[in-house]
Amino acid sequence: MIRHAALALAASLALAGAAAAQGAAPPVQSGTYALEPTHTEVMFGVGHFGFSTYYGQFPGASGSLKLDGANPAASQLDVSVPVANVWTASDKLAEELRSAEWLDAAKFPALTFHSTRITVTSPTTADVAGDLTIHGVTKPVVLKATFKKAAVFPMNQKYMVGFDAVGEIKRSDFGVDKYVKFGLADDVELTISAPFVRQGS
């Protein structure tokens with residue numbers, strides 16, 4: 001369930017270009033960006049038998065964004081999330097999620113996302129389509145991305161862009177169907193918030 005929520009957020013980066021193309025000020029700088037993992041949140045939520053929504057995170061995401069500020073549809077995003085890093089409020093549950101009965105971190109160590117199409121829906125939003133791979137299974141997904149900000153970060157004087165992204169997947173589509181027949185939700189909510197740092201001069 002921990003699905004590539006993280007991946008989704010990477011895809012949202014393309015939105016920065018959308019903002020520039022739509023006349024946002026200041027224009028977003030084109031270039032190659034690296035995902036900044038320290039302040040990236042990749043979260044998942046799954047219904048717990050209808051009683052509550054249980055949330056968890058995937059720390060340590062990495063990725064790259066080739067951002068075209070003038071033509072956001074030409075931007076490209078690749079993100080990877082280490083499965084073994086999955087975190088929940090229960091250490092026991094996190095260990096179960098790493099096991100072969102769930103995500104099988106030993107056999108499938110990373111969740112990955114590769115963008116295939118970006119469709120601008122407003123000056124600050126876009127639908128980011130891509131291939132999401134979880135548990136060795138690749139499926140197409142569409143993430144709703146929102147551009148947050150583009151500016152020089154005051155603490156390190158590096159140019160950064162930031163995005164939020166949300167999406168929903170069915171975990172059974174990726175072969176992770178434990179307890180679905182007993183009522184543990186199949187639908188997984190993905191929420192990603194991530195900054196990217198421009199590389200080079």
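The points below concern aromatic pairs and salt bridges.

1. Basis of the note. The model is predicted, so local features need pLDDT of at least 70 and side-chain atom pairs count only at pLDDT 80 or more, while totals for chains, interfaces and linings use all residues. Residues are numbered from 1 along each chain as its sequence is written, and side-chain values use heavy atoms, with hydrogens and water left out.

2. Aromatic pairs. Rings of Phe, Tyr and Trp (its six-membered ring) are paired if their centres lie within 6.5 Å; planes under 30 degrees apart are stacked, those over 60 are edge-to-face, and the rest are tilted. By this rule there are 6 aromatic pairs. One of them is the tilted pair of Tyr33 and Tyr159, with 6.4 Å from centre to centre and 55° between the planes. This pair links distant parts of the chain, 126 residues apart: Tyr33 is in strand S1 (residues 31–35) and Tyr159 in strand S9 (residues 158–170). Strands (E, at least two residues) and helices (H or I, at least four) are DSSP runs, numbered from the N terminus.

3. Burial of the tyrosines. Buried denotes under 20% relative accessible area, exposed over 50%, and partly exposed in between (1.4 Å probe, protein chains only). Tyr33 counts as buried at 0%, and Tyr159 is buried at 13%.

4. A phenylalanine pair. The planes of Phe163 and Phe196 stand at 75° with ring centres 6.3 Å apart, so this pair is edge-to-face. Phe163 belongs to strand S9 and Phe196 to strand S10 (residues 187–198), so the pair ties together parts 33 residues apart in sequence. Both Phe163 and Phe196 are buried.

5. A ring cluster. Trp102, Tyr179 and Phe182 are linked into a cluster by ring pairs.

6. A salt bridge requires a side-chain nitrogen of Lys or Arg within 4 Å of a carboxyl oxygen of Asp or Glu; the structure holds 6. Lys92 and Glu96 form one of them, at 2.7 Å from N to O. Both residues lie in helix H3 (residues 91–98), 4 residues apart, about one turn of the helix. Lys92 is exposed, at 60%, whereas Glu96 is partly exposed, at 29%. Arg98 and Glu95 form another salt bridge, with their closest N and O atoms 3.0 Å apart.

7. A bridge between strands. Asp127 and Lys144 meet in a salt bridge of 3.0 Å, N to O. Asp127 is in strand S7 (residues 125–134) and Lys144 in strand S8 (residues 137–153), 17 residues apart. Lys144 is partly exposed, at 46% relative accessibility.
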